[in-house]
Amino acid sequence: MDRKKYVIVTAGGTGTRMGASVPKQFLELEGKPILRLTLERFLKAMPDVQFITVLPEGHIQAWRQYCLKENFTCPQRLVKGGITRFHSVKNALAYVPDGALVAVQDGVRPLLPVTRIREMFAQAQQVPALIPVLPVTDTLKVLEMKDGALAATGETVDRSRIWGAQTPQLFYSERIKQAYTQGFSTAFTDDASVAQAFGIPLAFTQGDRFNIKITTPEDLLLARAILQLS
């Protein structure tokens with residue numbers, strides 16, 4: 001029997017790197033907030049999905065009013081973000097039942113193809129943790145700061161062994177909830193690192209080149225170009 005589907009959408013950040021007057025998840029792309037576009041992708045892929053949307057506390061009411069004003073009907077529970085992404089996801093997991101399949105998605109990744117979302121949820125029914133990854137194509141340099149300038153360390157990195165992780169990262173809900181009972185660590189840079197530290201085996205799947213995370217003005221320009229071509 002298929003597990004019930006939940007998506008935790010992490011949109012609790014302030015977006016300082018974007019340099020805008022509002023957090024990046026509320027900036028408009030093709031006439032809609034980036035956060036709405038992200039939610040719509042998952043709604044189109046799976047109309048029965050349940051959302052838990054993590055927002056900055058000061059923007060929860062504004063987002064609620066936007067959804068009402070624009071008649072954006074979306075089955076979402078709004079949750080206050082924590083002091084780190086780890087704490088935000090932990091807050092949201094409190095509203096996910098055991099026995100479900102839960103995806104954790106960055107609220108500023110609005111371009112993941114609908115077909116790929118469906119494929120990943122189908123794959124994730126079979127494994128306790130599924131992580132989308134892409135191979136790193138740039139040459140990697142290990143540098144350090146010396147006398148105010150970057151300098152080589154003599155270390156080398158085998159690029160063939162390095163992969164970049166994306167979201168959504170999908171988990172059996174009872175397993176990832178257990179993993180989030182661990183104390184916070186700065187090594188927890190994504191949900192996969194939390195799961196791995198708890199001993200949950202990770203499975204991997206091919207990511208998508210267009211599934212970019214919009215964090216800078218340049219990312220926003222690239223996202224607009226991708227949408228115009230799609």
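## Working through a predicted model

In this predicted model, 30 residues make up the largest nonpolar core, and Val-7, Leu-35, Leu-39, Phe-51, Trp-63 and Phe-121 touch the most other members.

**Exercise 1.** Work out which elements give two or more residues to this core, then look around Leu-35.

*Solution.* Start with the elements: strands E1 (5-10), E4, E6 (101-106) and E11 (169-172) each supply two or more residues, and so do helices H1, H2 and H4 (114-124). Next, take Leu-35. Leaving out residues up to four places away in sequence, Leu-35 touches Val-9, Ala-11, Gln-25, Phe-26, Thr-53, Leu-55, Trp-63 and Gly-107.

**Exercise 2.** Find out which residues of helix H2 (60-69) are buried and what covers them.

*Solution.* First, pick out the buried ones: Ile-60, Trp-63, Tyr-66 and Cys-67. Now look down the axis of H2: the buried residues fall within an arc of 125°, so they line one face of the helix. As for the cover over the buried residues, it includes strand E3 (32-33), helix H1 (34-45), strand E4 (50-55) and strand E5 (76-80). Last, check what follows H2: Asn-71, with a positive phi near 55°.

**Exercise 3.** Describe how strands E8 (143-146) and E9 (149-152) are joined.

*Solution.* Begin with the direction: the two strands run antiparallel, joined by 4 bridges. Then find a facing pair: Lys-146 stands opposite Ala-149 in E9. That leaves the turn of the hairpin, where 2 residues lie between the strands and Asp-147 has a positive phi near 55°.

How values were computed
Residues numbered from 1 in each chain as written. Predicted model: local features only at pLDDT ≥ 70, side-chain atom pairs only at ≥ 80, totals over all residues. Heavy atoms only, no water. Buried < 20%, exposed > 50% of the residue type's maximum accessible area, 1.4 Å probe, protein only. Arc of directions from axis to C-beta. Contact = heavy atoms within 4.5 Å. Core = buried A, V, L, I, M, F, W, Y, C linked by side-chain atoms within 4.5 Å. Pairing = 2+ DSSP bridges.
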